[in-house]
Amino acid sequence: MKLFKKLAAAVLVAALALTMVGCGGRNSLTDQIKDVIADFYAMEDKDVTNKKELDALAAKLMAEADKAAAKAENKGKTVLELLIDEEVVKAAGINAAKETYRVSAVENYKLLSSTANKQKAVLIAEMLMANGKQIGSGELEKLSNLGLAMGKINGKEYFVMLMNGPSRL
């Protein structure tokens, strides 16, 4: 009986160790979405690089959009309209006269089926790439830098993607 308990404990420790390996590092939904977007670009022989400073800027833009959503004059505006609002952009530290970005947002829906949840990163990445608006007056020649943040705007959770690259003003 003692041998059985020791063997069972060893199996349990091994199982826990394996599950911990599967949960580590770059396994968050945000990281999965970034990887899927990079894969989409790679399929077209293009490169996209995640930039931590763009992650931070996307998070700041989202926080400022959340503040703006609480103002009476912004009632009825969509999340994307809030994200490109001049006051929001300026409060986030973006100089729209000198910088150009593409911004998009997708609500982080709570999916019910396990099948859809397995594909959630792909679904969100496709939606982020399909919709977007420009911040700034320059002309983006190519999108090569990516930032992604997750947070709340007006009480709902969103993913906000910010991209830039070489541009002409």
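Is strand E5 mostly covered, or is it mostly uncovered, and how many of its nine residues are buried?

Guide: The model is a predicted one. Strand E5 is mostly covered, with seven of its nine residues buried.

The secondary structure comprises seven helices and seven strands. Read from the N terminus, these elements follow the order α-α-β-α-α-α-β-α-α-β-β-β-β-β. The protein has 169 residues, of which 37% count as buried. Among contacts with a separation of 6 or more, 72% are between residues 24 or more positions apart. The exposed surface comes to about 10,400 Å², and carbon and sulfur atoms supply 58% of that area.

E5 belongs to an open sheet of five strands, ordered E1-E5-E6-E2-E3, in which the pairing is mixed. The edges are taken by E1 and E3 (133-135); each has a single partner strand, so one side of each is left without a neighbour in the sheet. Helix H3 packs on this sheet, where it touches E1, E2, E3, E5 and E6, and its direction makes about 30° with that of E5.

The two neighbours of E5 can now be taken in turn. With strand E1 (residues 49-50), E5 pairs in the parallel sense over two bridges. Thr49 has Asn145, in E5, as its bridge partner. With E6, the pairing of E5 is antiparallel and extends over nine bridges. Within that pairing, Met150 stands opposite Phe159 of E6. E5 and E6 also form a hairpin, with two residues between the strands; Asn154, in the turn, has a positive phi of about 55°.

Beyond E6 the sheet continues with E2. E2 and E6 run antiparallel and are joined by six bridges, and Arg102 stands opposite Met163 in E6. E2 in turn pairs with E3, again in the antiparallel sense, over three bridges. Here Val103 stands opposite Lys133 of E3, while Arg102 has Gln134 in E3 as its bridge partner.

Helix H7 (residues 120-130) lies across E2, E5 and E6, and runs at about 140° to E2.

Helix H3 has 18 residues and reaches 26 Å from its first C-alpha to its last, close to the 26 Å expected at 1.5 Å a residue. Its buried residues are Leu54, Asp55, Leu57, Ala58, Leu61, Met62, Glu64, Ala65, Ala68 and Ala69. Gly93 has its place in the loop between H5 and E2. Gly93 counts as exposed because its relative accessible area is 55%, and exposed means over 50%.

The interior remains to be described. In soluble globular proteins, nonpolar side chains tend to be buried together. The largest nonpolar core here has 25 residues, and those touching the most other members are Leu61, Leu83, Val103, Ile135, Ile153, Val160 and Leu162. Two or more residues each are given to this core by H3 (52-69), H4 (79-84), H5 (86-91), E2 (101-107), E5 (145-153) and E6 (156-164). H3 gives the most, with eight residues. Leaving aside residues up to four places away in sequence, Leu83 touches Leu61, Met62, Ala65, Val88, Val89, Val103, Ala105, Ile135, Ile153 and Val160. There is also a second, separate core of 18 residues, including Val48, Leu143, Leu148 and Met161.

To return to the part requested: E5 pairs with E1 in the parallel sense and with E6 in the antiparallel sense, H3 touches E5, and H7 lies across E5.

Methods. Residues numbered from 1 in each chain as written. Predicted model: local features only at pLDDT ≥ 70, side-chain atom pairs only at ≥ 80, totals over all residues. Heavy atoms only, no water. Core = buried A, V, L, I, M, F, W, Y, C linked by side-chain atoms within 4.5 Å. Buried < 20%, exposed > 50% of the residue type's maximum accessible area, 1.4 Å probe, protein only. Helix = DSSP H or I, 4+ residues; strand = E, 2+ residues; numbered from the N terminus. Contact = heavy atoms within 4.5 Å. Pairing = 2+ DSSP bridges. Expected span 1.5 Å × (residues − 1). Axes fitted to C-alpha atoms, helices over the stretch in contact; angles between N-to-C directions. Areas by Shrake-Rupley, 256 points an atom, 1.4 Å probe, with all protein chains shown as cover.
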